[in-house]
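This note sets out comments on the model shown below.

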Amino acid sequence: GASGGLEYEAAWALGAIDDTQAVPALIAALKDQDFRVRRQAAWALGAIDDSRAVPGLIQAIEDADERTRAQAAWALGAIDDRSAVPALSRALADKTPAVRKQAAWALGAIDDAGGVEALVRALGDANSGVREQAAWALGAVGDDRALSALLVALKDDTAGVRRQAAWAIGVI
């Protein structure tokens, strides 16, 4: 609607203020009709870093708008709540590479072994950015179940993936 721009600006402002009183309004905004409002609300909730937002963000990771899904994945990583690991693991199969990449980052940021198997599968992703982020995340989690897959990733066609795999192996 005509007010969409105003709602978008309001969501941005609430995130910029970093006021935990804004959290309930931002959680509600995750269901707004305007994808721009949903996307901005997800960003703001990640910036505010309040675990009350996790259930709403877990739902938002399945939003129709791919950039909202990616923003929700980022926000879940920023909030760093282990309860998001199953949803983020599922998001590694999203049709959009940017969502898969953010989900891999978030799983590394949360640093919970529950995401290791999904991250190992992501080392075989068609998108090199996703593979690189998955290798980094596996190093961040530091679970030795990832070693054999990371050794295979040392032979990846993409230098960035090989670099991250080597770093991850060194950390593990």
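1. Leaving aside its neighbours within four places in sequence, which residues is leucine 92 in contact with? Taking contact to mean heavy atoms within 4.5 Å, the residues that leucine 92 touches are Arg100, Ala103, Ala104, Leu107, Ala118, Leu119, Ala122 and Asp125.

2. The model is predicted, so local features need pLDDT of at least 70 and side-chain atom pairs count only at pLDDT 80 or more, while totals for chains, interfaces and linings use all residues. Residues are numbered from 1 along each chain as its sequence is written, and side-chain values use heavy atoms, with hydrogens and water left out.

3. The protein has eleven helices and zero strands, where helices (H or I, at least four residues) and strands (E, at least two) are DSSP runs numbered from the N terminus. Of the contacts with a separation of 6 or more, 66% join residues 24 or more positions apart.

4. Of the 172 residues, 49% are buried; buried denotes under 20% relative accessible area, exposed over 50%, and partly exposed in between (1.4 Å probe, protein chains only). The accessible surface comes to about 8100 Å², with 52% of it belonging to carbon and sulfur atoms; these areas come from the Shrake-Rupley method with a 1.4 Å probe, and for residues only the protein chains shown count as cover.

5. The largest nonpolar core contains 52 residues. Such a core is a set of buried Ala, Val, Leu, Ile, Met, Phe, Trp, Tyr and Cys residues joined through side-chain atoms within 4.5 Å. Leu92 is one of the residues with the most contacts inside this core, a list that also includes Leu57, Ile61, Leu88 and Leu119. In soluble globular proteins, nonpolar side chains tend to be buried together.

6. Helix α5 (residues 66-79) has 14 residues and reaches 20 Å from its first C-alpha to its last, close to the expected 20 Å; the expected span is 1.5 Å times one less than the number of residues. Ten of its 14 residues are buried, among them Thr68, Arg69 and Gln71. Their cover includes α3 (35-48), α4 (54-60), α6 and α7. Just after α5, aspartate 80 takes a positive phi of about 65 degrees.

7. Aspartate 94 lies in the loop between α6 (85-91) and α7 (97-110). Its relative accessible area is 13%, and aspartate 94 therefore counts as buried. The side chain of aspartate 94 reaches the backbone nitrogen of threonine 96 at 2.8 Å, within the polar-contact limit (a pair of N or O atoms within 3.5 Å; within protein, one must be able to donate a hydrogen and the other to accept it, and residues adjacent in sequence count only if both atoms are side-chain atoms). Beyond four places in sequence, aspartate 94 is in contact with Arg69, Val99 and Arg100.

8. In α11 (residues 159-171), Gly160, Val161, Ala165 and Ala168 are buried. Seen down the axis of α11, the buried residues fall within an arc of 130 degrees, so they line one face; the arc is that of the directions from the helix axis to the C-beta atoms. Arg163 and Gly170 are exposed on the face turned away from the buried side of α11. The buried residues of α11 pack against α9 (128-141) and α10 (147-153).

9. Arginine 131 lies in α9 and, at 10% relative accessibility, counts as buried. Its contacts beyond four places in sequence include Asp125, Asp156 and Val161. By comparison, valine 152 in α10 is exposed, with a relative accessible area of 58%.
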